[in-house]
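Keep the structure open as you read.

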Amino acid sequence: MEDLKSRVRKASDIIKKARHVTAFTGAGISVESGIPPFRGADGLWDKYDPQLLELQYFLEHPEESWRVIKEIFYDTFDKARPNRAHEVLAEMEKAGYLKEIITQNIDNLHQEAGNTLVHEFHGNSKTLICTKTGETLPAAYADLDAIPPMHPATGGLLKPDFIFFGEGIPADAFQASIEAARNSDVFILIGTTGEVMPASQIPHMAKENGALIIEVNIEESNYTDNITDIFLPGKATMIMEMIWKEMM
Ligand code: NAD
């Protein structure tokens, strides 16, 4: 097998010469910002019951669900800052090498790093939605110490505006992701298992449309032996920095 350095060199060269590069990111890119992933080593599902994020369960047991939601998504996420992998993607966009990002993450870190075209496949935790009226409000304006939090004007139960199990994908993000899979000649997969449907299908669509797949992950994923052309094993911050240095 080729050594890592020569594979990074090859990937950098491909990204530099590409017409349309899209990054497809998962929980792994934010691990080094202090946000644990759901699956894999130290994944959140070892500690919490995923049922708490099922829509019906949430509506029937809002207090129980919200206690965990607050601990995972608000007490932790609020302290997280973009790491070097997020920053490199922002620098790549600024330099004209990266067109767009499709993210399964709900932590807003790509936007905070400076990327401007980010399709949030699963929504965003920074906004809350009223389950009674559909009105949204920034999470920062809600009283998250009062569990479960209620909309101050409508009195309805508030829910994070990200996708729970049993909910559909936001139509605009879904459509934009399909377009990206159609238009890209390179897809960079970073920190994703490829286990979460239907998001996991987007890289397959890109591959079918002729895109070359570069994958960054600390371990092999569902994609590695199936569609990945260049697998770069290692932490996202280290590998993205290596790629970027090679490109400059
Ligand atoms: P996942 O939790 O299923 O898997 C994480 C992947 O990241 C694994 O393949 C793991 O090997 C890899 N990884 C872990 N640390 C890494 C590192 N430092 N560098 C590179 N790779 C690393 O993630 P997923 O496939 O994205 O799916 C989980 C779902 O959970 C997503 O849909 C997302 O909505 C949600 N989620 C989001 C966040 C977030 O917003 N940061 C955090 C947890 C879960």
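## Model

This is a predicted model, where local features need pLDDT of at least 70, side-chain atom pairs count only at pLDDT 80 or more, and totals for chains, interfaces and linings use all residues. Residues are numbered from 1 along each chain as its sequence is written, and side-chain values use heavy atoms, without hydrogens and water.

## Helices α6 and α7

Helix α6 spans residues 171-183 and helix α7 residues 201-208. Their axes lie 8 Å apart, at an angle of about 30 degrees. So α6 is roughly parallel to α7 (angles under 35 degrees count as such).

Phe174, Ser177, Ile178 and Ala181 of α6 make the contact with Ile202, Met205 and Ala206 of α7 (contact means heavy atoms within 4.5 Å). Six of these contact residues are nonpolar, one is polar and none is charged.

## Helices α4 and α8

Helix α4 (residues 84-94) and helix α8 (residues 236-247) cross at roughly 30 degrees, and their axes come within 8 Å. That makes α4 roughly parallel to α8.

On the α4 side, the contact includes Arg84, Glu91 and Met92. On the α8 side, Glu241, Trp244 and Met247 are among the partners. By class, this contact has nine nonpolar, one polar and three charged residues.

## Largest pocket

The largest pocket has a volume of about 1100 Å³. A pocket is an open set of points on a 1 Å grid where a 1.4 Å probe fits, with protein on both sides within 12 Å along at least five of seven lines. Its lining has 49 residues (an atom within 4 Å of a point). Ala27, Gly28, Pro37, Phe38 and Arg39 lie nearest the centre. The lining divides into 25 nonpolar, 15 polar and nine charged residues.

Terms used:
Axes are lines fitted to C-alpha atoms, for helices over the stretch in contact, and angles run from 0 to 180 degrees between N-to-C directions. Helices (H or I, at least four residues) and strands (E, at least two) are DSSP runs, numbered from the N terminus. Angles under 35 degrees count as roughly parallel, over 145 as roughly antiparallel, 65 to 115 as roughly perpendicular and the rest as oblique. Ala, Val, Leu, Ile, Met, Phe, Trp, Tyr, Cys and Pro count as nonpolar, Asp, Glu, Lys and Arg as charged, and the others, Gly among them, as polar. Grid points are joined across faces, edges and corners, and a volume is the space filled by probe spheres set on the points.
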